[in-house]
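Dear colleague,

Please find below the structure that I am handing over to you. My findings follow it, arranged by topic so that you can read them beside the model.

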Amino acid sequence: MTTATATTDERDLVELQREHGQALLAFLLGLTHGDRQRAEDLVQETLVRAWQHPEAFDSAYDSMRPWLFTVARRLAIDARRSRLARPAETGDGLLALTPDPADTTESRDAALDVRAAVRGLSPEHRAVLVRLYFRGLTVSEAAAELGIPAGTVKSRSHYALRQLGHRLPGYRPRRPSACGGPAVARPAGPAPQ
């Protein structure tokens with residue numbers, strides 16, 4: 001069994017749009033931060049709601065404007081919430097720049113660059129970094145193994161990381177240093193000798 005749904009007469013709707021359309025668009029432009037396309041879509045949706053609810057025309061108010069603005073405001077809020085709930089869309093340009101996770105070429109190149117830069121350090125600095133970053137020792141463990149004070153391990157680590165930062169421009173830190181200093185990209189594989 002189908003029930004007929006009453007809708008607003010088209011002439012009333014045309015009059016409503018003529019009388020309040022520009023003010024409604026201006027109001028929605030403010031709510032959409034000047035996004036004309038979004039504001040026009042919301043005007044259209046507001047008028048659809050007016051078409052679906054002819055009882056709104058029978059209100060005690062002299063004007064439909066308060067009803068229209070209330071509906072438009074609620075639609076704008078719902079649209080914003082809906083956009084914020086969805087993950088951001090990405091374009092083809094971003095996808096083209098994203099490296100393929102299955103391709104290990106870039107990480108292997110980075111590992112070779114880091115190894116070459118570490119080999120260029122003084123033996124004292126290299127020994128500290130190898131123990132802290134490649135073997136994963138703590139500052140205390142590295143100090144005990146090298147037979148030097150923990151403060152010396154921290155100092156050497158700090159200066160070695162600074163030198164690496166100058167030798168490896170463009171690399172982003174991936175792991176914070178064990179001694180609270182700057183971070184260094186950590187290569188894969190065994191430690192350089």
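**Helix H8 and its cover**

The buried residues in H8 include Val153, Ser157, Ala160, Leu161 and Leu164. Because these residues cover an arc of only 105° around the axis, they lie on the same side of H8. Among the elements that cover the buried residues of H8 are helix H5 (105–119), helix H6 (123–134) and helix H7 (139–146). Helix H8 itself runs over residues 150–167 and has 18 residues. From its first C-alpha to its last, H8 reaches 26 Å, close to the 26 Å expected at 1.5 Å a residue. Please keep in mind throughout that this is a predicted model.

**The chain as a whole**

The chain has eight helices and zero strands. Of its 193 residues, 28% count as buried. The chain exposes about 13,100 Å², and carbon and sulfur atoms supply 52% of that area. Among the contacts in the chain with a separation of 6 or more, 61% are accounted for by residues 24 or more positions apart.

**Helix H2**

Which residues of H2 are buried? They are Ala39, Leu42, Val43, Thr46, Leu47 and Ala50. These residues are placed on the same side of H2, because they cover an arc of only 140° around the axis. On the other side of H2, Gln37 and Gln44 are exposed. The cover over the buried residues of H2 includes H1 and helix H3 (65–85).

At 1.5 Å a residue, its 17 residues should span 24 Å, and the end C-alpha atoms are 24 Å apart, which agrees.

At the start of H2, a side-chain oxygen of Asp35 reaches to within 3.3 Å of the backbone nitrogen of Gln37. The side chain of Asp35 also meets that of Arg38 in a salt bridge, at 3.4 Å from N to O. Asp35 is partly exposed because its relative accessible area is 27%, and Arg38 counts as partly exposed at 30%.

**Salt bridges**

Side chains of opposite charge can pair when their charged atoms come close. How many salt bridges does a search of the whole structure find? The search finds six salt bridges, one of which, between Asp35 and Arg38, was described above.

Another salt bridge joins the side chains of Arg49 and Glu45, at 3.2 Å from N to O. Because Arg49 and Glu45 are four residues apart in helix H2, about one helical turn separates them. Arg49 is partly exposed, with a relative accessible area of 31%, and Glu45 is partly exposed at 29%.

Glu145 forms a salt bridge with Arg135, and the closest N and O atoms of this pair are 2.7 Å apart. The pair links distant parts of the chain, 10 residues apart: Glu145 lies in helix H7, and Arg135 lies in the loop between H6 and H7. With a relative accessible area of 39%, Glu145 is partly exposed. Arg135 is also partly exposed, with a value of 46%. Arg135 and Glu145 are linked with Arg131 in a network of salt bridges.

Is His20 buried or exposed? His20 counts as buried because its relative accessibility is 3%, which is under the 20% limit for that class. His20 lies in helix H1 (residues 10–31). Its side chain is joined to that of Glu19 by a polar contact of 3.4 Å. Leaving aside residues up to four places away in sequence, His20 touches Ser63, Met64, Arg65 and Leu68.

His33 lies in the loop between H1 and helix H2 (36–52). His33 counts as exposed because its relative accessibility is 74%, and the class begins over 50%. Phi of His33 is near 55°, a positive value in a residue other than glycine. Most residues other than glycine have a negative phi.

With kind regards

Conventions: Residues are numbered from 1 along each chain as its sequence is written. This is a predicted model: local features need pLDDT of at least 70, side-chain atom pairs count only at pLDDT 80 or more; totals for chains, interfaces and linings use all residues. Side-chain values use heavy atoms; hydrogens and water are left out. Helices (H or I, at least four residues) and strands (E, at least two) are DSSP runs, numbered from the N terminus. Buried means under 20% relative accessible area, exposed over 50%, partly exposed in between (1.4 Å probe, protein chains only). A polar contact is a pair of N or O atoms within 3.5 Å; within protein, one must be able to donate a hydrogen and the other to accept it, and residues adjacent in sequence count only if both atoms are side-chain atoms. Contact means heavy atoms within 4.5 Å. The expected span of a helix is 1.5 Å times one less than its number of residues. The arc is that of the directions from the helix axis to the C-beta atoms. Accessible areas come from the Shrake-Rupley method with a 1.4 Å probe; for residues, only the protein chains shown count as cover. A salt bridge is a side-chain nitrogen of Lys or Arg within 4 Å of a carboxyl oxygen of Asp or Glu.
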